[in-house]
Amino acid sequence: GVMVGIIGQNLLGKLFSLQHMAPDDVSCANALLTSALAMGRQSFAAAGLADGGGGGGGRRPGQDSMDDDVPGWAALSMVTDLLGSGFPRFLERRMEITKVLKRDEALKLMQLSWQDEALSPEEAW
């Protein structure tokens, strides 16, 4: 789990270090992050570490167990879900964003995602 977490954190670090992304670049970055999530889940399943449906309690399959087992998984999932989304989607997920991402990470994600929003990320925060 730690190795997958390191890869995810490196991907997020590279993303958050960007100053600007063209709309096509946002789509490509989102595809890369989506692939990282899928490969992380597959590697856990191949190693026999994923919830087989047995011991997960009341958790949703995969999601919460990966959050517990992989450092930074919740942040990677959140960024992958929101990258390229508009203000309404960020507003809808605000509570989760504040729990999972640091303030500067959330602002950077908004900056990279919003191409034509009337609000700046700071105003939205």
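**Helix H4 and its neighbours: a conversation**

Modeller: Let's start where two helices touch: in H2, Asn 30, Leu 33, Thr 34, Ala 36, Leu 37, Gly 40 and Arg 41 meet Trp 73, Leu 76, Ser 77, Val 79 and Thr 80 of H4. Keep in mind that this is a predicted model.

Biologist: How do the axes of H2 and H4 cross?

Modeller: They come within 9 Å of each other and cross at roughly 140°. H2 is therefore oblique to H4. As for handedness, H2 passes H4 in a left-handed crossing.

Biologist: And what makes H1 oblique to H4?

Modeller: Those two pack at an angle of about 45°, with 9 Å between their axes. That angle makes H1 oblique to H4, because roughly parallel needs under 35 degrees and roughly perpendicular starts at 65. The crossing of H1 and H4 is left-handed.

Biologist: Which residues meet there, between H1 and H4?

Modeller: From H1 you have Val 4, Gly 8, Leu 12, Leu 15 and Phe 16, and from H4 Trp 73, Ala 75, Leu 76 and Val 79.

Biologist: Why is H4 called largely enclosed?

Modeller: Count the buried residues: eight of its 10 are buried, so the rest of the structure largely encloses H4. The buried ones are Trp 73, Ala 75, Leu 76, Ser 77, Met 78, Val 79, Thr 80 and Leu 82. Across the whole protein, buried residues make up 37% of the 125. Just after H4, Gly 84 takes a positive phi of about 90°.

Biologist: Why does Asn 30 count as buried?

Modeller: Buried means under 20% relative accessible area. Asn 30 has 18% relative accessibility, so it counts as buried. Asn 30 lies in helix H2 and, leaving out residues up to four places away in sequence, touches Thr 80 and Leu 83.

Biologist: What about the nonpolar core: which residues have the most contacts inside the largest one?

Modeller: That core has 29 residues, and the ones with the most contacts inside it are Leu 15, Val 79, Leu 83, Leu 101 and Leu 109. Two or more residues come from each of helix H1 (2-16), helix H2 (23-46), helix H4 (73-82) and helix H7 (103-113). H4 gives the most, with six residues. In general, nonpolar side chains in soluble globular proteins tend to be buried together.

Biologist: What does Leu 15 contact, neighbours within four places in sequence aside?

Modeller: Met 21, Ala 29, Leu 33, Val 79, Leu 83 and Leu 112.

Biologist: How many helices and strands does the protein have?

Modeller: Eight helices and zero strands, so the order along the sequence reads α-α-α-α-α-α-α-α. Among contacts between residues at least 6 apart in sequence, 62% join residues at least 24 apart.

Biologist: Where does pLDDT stay under 50?

Modeller: Over residues 52-63, for which the model has nine contacts beyond four places in sequence. Where pLDDT is low, the predicted coordinates should not be read in detail. For the protein, the mean pLDDT is 85, and 88% of the residues reach 70 or more.

Definitions and conventions: Residues numbered from 1 in each chain as written. Predicted model: local features only at pLDDT ≥ 70, side-chain atom pairs only at ≥ 80, totals over all residues. Heavy atoms only, no water. Core = buried A, V, L, I, M, F, W, Y, C linked by side-chain atoms within 4.5 Å. Buried < 20%, exposed > 50% of the residue type's maximum accessible area, 1.4 Å probe, protein only. Helix = DSSP H or I, 4+ residues; strand = E, 2+ residues; numbered from the N terminus. Contact = heavy atoms within 4.5 Å. pLDDT = per-residue confidence, 0-100. Axes fitted to C-alpha atoms, helices over the stretch in contact; angles between N-to-C directions. Parallel < 35°, antiparallel > 145°, perpendicular 65-115°, else oblique. Left-handed = near helix turned anticlockwise from the far one by under 90°.
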